[in-house]
Amino acid sequence: MSARSSVTLFFLLLVLSASASGQGWFSGPEGVVYDTTENRYLIANWNASNIVQVKDGDTSYFKSSTSV
């Protein structure tokens, strides 16, 4: 397993555990992608209909169902 695969797997498990504990950012995460050009993770949330980005330890909405 490559280092990138290990990091992605670890991050996916982290996202799933955050979702289970109800921290709010992740509601039914269905996919995680690492964007190499922007050095960030993008997490698609099925239940909340949004995409969250995590970059340099900061979490924010990349696309929200309420954004225009």
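Mentor: Glutamine 53 is found in strand E3. Helices (H or I, at least four residues) and strands (E, at least two) are DSSP runs, numbered from the N terminus. This is a predicted model, where local features need pLDDT of at least 70, side-chain atom pairs count only at pLDDT 80 or more, and totals for chains, interfaces and linings use all residues. Residues are numbered from 1 along each chain as its sequence is written, and side-chain values use heavy atoms, with hydrogens and water left out.

Trainee: Is glutamine 53 buried or exposed?

Mentor: Glutamine 53 counts as buried, at 17% relative accessibility. Buried means under 20% relative accessible area, exposed over 50%, partly exposed in between (1.4 Å probe, protein chains only).

Trainee: What does its side chain make a polar contact with?

Mentor: The side chain of arginine 40, at 2.8 Å. A polar contact is a pair of N or O atoms within 3.5 Å; within protein, one must be able to donate a hydrogen and the other to accept it, and residues adjacent in sequence count only if both atoms are side-chain atoms.

Trainee: And which residue is the bridge partner of glutamine 53 in E4?

Mentor: Serine 60. E3 pairs with strand E4 (residues 58–63) in the antiparallel sense, over five bridges. For two strands to pair, DSSP must find at least two bridges between them.

Trainee: How many residues sit between E3 and E4 in the hairpin?

Mentor: Two residues, and aspartate 56 in the turn has a positive phi of about 55°.

Trainee: Back to arginine 40. Which side chain does it meet in a salt bridge?

Mentor: That of aspartate 35, with an N to O distance of 3.0 Å. Both arginine 40 and aspartate 35 are buried. A salt bridge is a side-chain nitrogen of Lys or Arg within 4 Å of a carboxyl oxygen of Asp or Glu.

Trainee: How many salt bridges does the structure hold?

Mentor: Two. Lysine 55 forms one with glutamate 38, and their closest N and O atoms are 3.8 Å apart. Lysine 55 lies in strand E3 (residues 50–55) and glutamate 38 in the loop between strand E1 (29–35) and strand E2 (40–45), so the pair ties together parts that are 17 residues apart in sequence.

Trainee: Are those two buried or partly exposed?

Mentor: Lysine 55 is partly exposed, at a relative accessible area of 32%. Glutamate 38 is also partly exposed, at 36%.

Trainee: New topic: where is asparagine 45?

Mentor: In strand E2. Asparagine 45 is buried, with a relative accessible area of 3%, and its side chain has a polar contact of 2.8 Å with that of asparagine 50. Leaving aside neighbours within four places in sequence, the residues in contact with asparagine 45 include Trp25, Phe26 and Val52. Contact means heavy atoms within 4.5 Å.

Trainee: What pattern does the whole chain follow?

Mentor: Along the sequence it reads α-β-β-β-β, with one helix and four strands. Of the 68 residues in the protein chain, 25% are buried.

Trainee: Where is confidence lowest, and where highest?

Mentor: Lowest in helix H1 (residues 3–20), at a mean of 62, and highest in E3, at 89. The protein chain averages a pLDDT of 74, and 60% of the residues score at least 70. pLDDT is the predictor's confidence in each residue, from 0 to 100.
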